[in-house]
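Take a look at the model below, then read on.

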Amino acid sequence: MNQDQLKQAVAQAAVDFILPQLDAKSIVGVGTGSTANCFIDALAQHKMAFDGAVASSEATAARLKNHGIPVYELTTVSDLEFYVDGADESDEHLNLIKGGGAALTREKIVAAVAKTFVCIADASKLVPVLGAFPLPVEVIPMARSHVARELVKLGGDPVYRDGVITDNGNQILDVHNLSIVNPRELEAQINNIVGVVCNGLFAARPADLLLLGTDQGVRQLKR
Ligand code: 5RP
């Protein structure tokens, strides 16, 4: 199977996993990216089985609405059973790097609210140690140089993602060459830098279930 087919397989597996647990009042949290898009398209086939969705980005909201799935503001929703999203990397403990699509902050907020975070990814995303994928950090624009200098002190090589403005009006630094031996500690350290909005490490709130697309079928990894 090619990468697109693996993404479609895990998207369908996520639908198969959550569907029996949804009812007419359920609202589903939905992530951002090409794998999440496959999930949206598969979920849309069952749009009468649940109430609607909360989106982690403007792009995801638009895709959901195009399918006729109602999109709710998170501020109006108290219960979110599931959040389904892709990742740029996962380790075997389901700590993630996310934010390749610059939606990390809203993704982290929706994931924080959801009871169960289902991560969907093709097999190439499973790594022994996080960090080969540059870690995205969302920054307040005026703080960008300050944050970059602080990230260098942590051993990283930050690169400004030129031309990208997040849905929150901020900028992204992609941090190369970080040695992420303790993802939870590094997540907190980077969040403590003044001017950082959020970083793409999902270790304080990792995924609960990883559906991994392989040539042998969809593997389930649980925390
Ligand atoms: C967006 C994300 C995505 O989940 C991540 O970049 C993976 O994307 P894709 O499914 O296209 O490989 O974190 O901010």
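## Around the ligand

Aspartate 85 has a polar side-chain atom 3.4 Å from an oxygen atom of the ligand. This is a predicted model, where local features need pLDDT of at least 70 and side-chain atom pairs count only at pLDDT 80 or more, while totals for chains, interfaces and linings use all residues. Residues are numbered from 1 along each chain as its sequence is written, and side-chain values use heavy atoms, with hydrogens and water left out.

| Residue | Atom of the residue | Distance to an oxygen atom of the ligand |
|---|---|---|
| threonine 32 | polar backbone atom | 3.1 Å |
| aspartate 85 | polar side-chain atom | 3.4 Å |
| lysine 98 | polar side-chain atom | 2.9 Å |

On its own the ligand has 380 Å² of accessible area, and the protein covers 90% of that (Shrake-Rupley method, 1.4 Å probe; for residues, only the protein chains shown count as cover). There are 17 residues around the ligand, and Ser34, Thr35, Asp88, Gly99 and Lys125 come nearest (being near takes a heavy atom within 4 Å).

## Serine 57

Threonine 32 turns up again here: its side chain and that of serine 57 are joined by a polar contact of 2.8 Å (a pair of N or O atoms within 3.5 Å; within protein, one must be able to donate a hydrogen and the other to accept it, and residues adjacent in sequence count only if both atoms are side-chain atoms). A polar atom of the serine 57 side chain also lies 3.0 Å from the backbone nitrogen of threonine 60. You'll find serine 57 in the loop between strand 2 (52-55) and helix 3 (58-66) (DSSP runs numbered from the N terminus: helices are H or I with at least four residues, strands E with at least two).

Is serine 57 buried or exposed? It counts as buried because its relative accessibility is 5% (buried is under 20%, exposed over 50%, partly exposed in between, with a 1.4 Å probe and protein chains only).

## Methionine 142

Methionine 142 sits in the loop between strand 8 (135-139) and helix 5 (144-153). Its relative accessibility is 79%, so methionine 142 counts as exposed.

Strand 5 is joined to strand 6 (residues 96-97) by 2 bridges, and serine 90 has leucine 96 as its bridge partner in strand 6.

How values were computed
Two strands pair if DSSP finds at least two bridges between them.
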